[in-house]
Amino acid sequence: MNKEFNLAIVGLGGMGNWHRELITGGANWNNDKIDPIEHLTVCGSYDIREERQQFAREHGLTPYNSLEELLADPKVDIVLCATPNDVHKEIVIRALEAGKNVVCEKPVTLSSNDLQDMIDAAEKAKKVFVVHQNRRWDEDFLTVKKIYDEHMLGDIFRIESRVHGSRGIPGDWRQEPEHGGGMVLDWGVHILDQALMMIPEKVKKVYASFTHVTNELVDDGFTVELTFESGLVYLLEVGTSNFINLPRWYVLGQNGTAVVKDWDLSGEIVRITDWSKNDAVPIRTAAGLTKTMAPRTEDTIHTDPLPIVHADIRDFYKNVMATIEGKEEIIVKLPQVMRVMKLMEAIFESAKTHQVVDFE
């Protein structure tokens, strides 16, 4: 018989409510109605804003009057920390010391030193502490990982991962450095985690540059180039002033190319079928001929659909519960989270010094 778990949310804002909807089910999720997560109940929440406390009441949650009251409730098994980044550390450590298992939104905190303090607190409390790296379940990422893992393009030498928008940074704490704002901490933490999960190699070199189009205090966009030990180059880019988006993924291999155009998983794979027909008829451009850039003829290439991989983000919480019960290992491991945190620190250093930074 499975144990029943109660989860309480600290910070019932956008992401906190996203977790509530995910767990309770019924929300319109990717145009589908989702079922609730079995054996997991959202029992209450605490937020410093009265309007969010009222929201909790309206949705059947206990609106705790303080963090202390929430942590003192013996029925709370799991605490979700979904507050601004700069207060994660204090809340997580206090929850662990109160004997609660903890799920923390990303980025888990603002420095590797702070993260180590949180890890030490979890080890001392002997409780599960996990970071919600939810975009490991993104189907575009899993599809590209399948292409990489199964060598569908031969030896891959370059991967480009981009997230583009045109609305600037949201008008909240994400614009403020003291609260952990900026795109490296907001979106970089996701796509960097994806990069490290995909490529099972050490990162040897890091080079980064930031943009400040709409905000001088924090980065509103960045470009990072990671060079792995095999020589594979992995380019990551986040932009918030892009009115024409480049593809979400662009993957170059010895024997072909793959593109994933957007979140809707439109795209294709084009592979070579006949290397012997490598010559080409020159094409005319406005100012001359080019043979090098002439397109391949259709009899030498083949186009395939993307090998779509489906996923269910609810598996994150199922794994958390199974780990608490000792039935599984946690999927999002703390050493992996620490590696991403240290990589982000290297990115800040590179952008500040305009230099390549040695990493691992």
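Six strands make up an open sheet, in the order β5-β4-β1-β6-β7-β8, and their pairing is parallel. Strands here are DSSP runs of E with at least two residues, helices are runs of H or I with at least four, and both are numbered from the N terminus. Two strands pair if DSSP finds at least two bridges between them. This is a predicted model, in which local features need pLDDT of at least 70, side-chain atom pairs count only at pLDDT 80 or more, and totals for chains, interfaces and linings use all residues. Residues are numbered from 1 along each chain as its sequence is written, and side-chain values use heavy atoms, with hydrogens and water left out.

- The edge strands are β5 (62-63) and β8 (129-131), and each pairs on one side only.
- Helix α1 (residues 14-24) packs on this sheet and touches β1 (5-10), β4 and β6 (78-81). Contact means heavy atoms within 4.5 Å.
- The direction of α1 makes about 155° with that of β4. For such angles, axes are lines fitted to C-alpha atoms, for helices over the stretch in contact, and the angles run from 0 to 180 degrees between N-to-C directions.
- Strand β4 (residues 40-46) pairs with β5 in the parallel sense, over two bridges.
- S45 has P63 in β5 as its bridge partner.

**The nine-stranded sheet**

- Nine strands form an open sheet with mixed pairing, in the order β18-β15-β14-β13-β9-β12-β11-β10-β19.
- Its edge strands, β18 (301-304) and β19 (357-358), each pair on one side only.
- K205 has T227 as its bridge partner in β11, and D358 as its bridge partner in β19.

- Why is β13 largely enclosed by the rest of the structure? Four of its five residues are buried, so the strand is largely enclosed. Buried means under 20% relative accessible area, exposed means over 50%, and partly exposed lies in between (1.4 Å probe, protein chains only).
- β9 and β13 run antiparallel and are joined by five bridges.
- β13 and β14 also pair in the antiparallel sense over five bridges. These two form a hairpin, with two residues between them.
- Y250 of β13 stands opposite E160. In β14, Y250 has V259 as its bridge partner.

- Helix α6 (residues 139-149) lies across β9 (156-164), β13 (249-253), β14 (256-260) and β15. Helix α6 runs at about 0° to β13.
- Helix α9 (residues 334-353) lies across β10 (203-211), β11 (221-228) and β19. Helix α9 runs at about 55° to β10.

**The cavity**

- A cavity is a set of points, on a 1 Å grid over the protein atoms alone, where a 1.4 Å probe fits but cannot get out; lining residues have an atom within 4 Å of a point.
- There is one cavity of 30 Å³ or more. The largest cavity has a volume of about 40 Å³. Grid points are joined across faces, edges and corners, and a volume is the space filled by probe spheres set on the points.
- Its lining consists of K106, P107, V108, V131, Q133, V189, V337, V340, M341 and M344.
- Which helix gives the largest share of this lining? Helix α9 does, with four residues.
- By class, the lining has eight nonpolar, one polar and one charged residues. Ala, Val, Leu, Ile, Met, Phe, Trp, Tyr, Cys and Pro count as nonpolar, Asp, Glu, Lys and Arg as charged, and the others, Gly among them, as polar.

**Residue T323**

- T323 is found in helix α8 (residues 315-324).
- Is T323 buried or exposed? T323 counts as buried, because its relative accessibility is 16%.
- T323 touches V128, E328, E329 and I330, not counting residues up to four places away in sequence.
- T323 and V189 are 134 residues apart along the chain, and their C-alpha atoms are separated by 24 Å.

Note on methods:
On a 1 Å grid over the protein atoms alone, a cavity is a set of points where a 1.4 Å probe fits but cannot get out, and a pocket is an open set with protein on both sides within 12 Å along at least five of seven lines; lining residues have an atom within 4 Å of a point.
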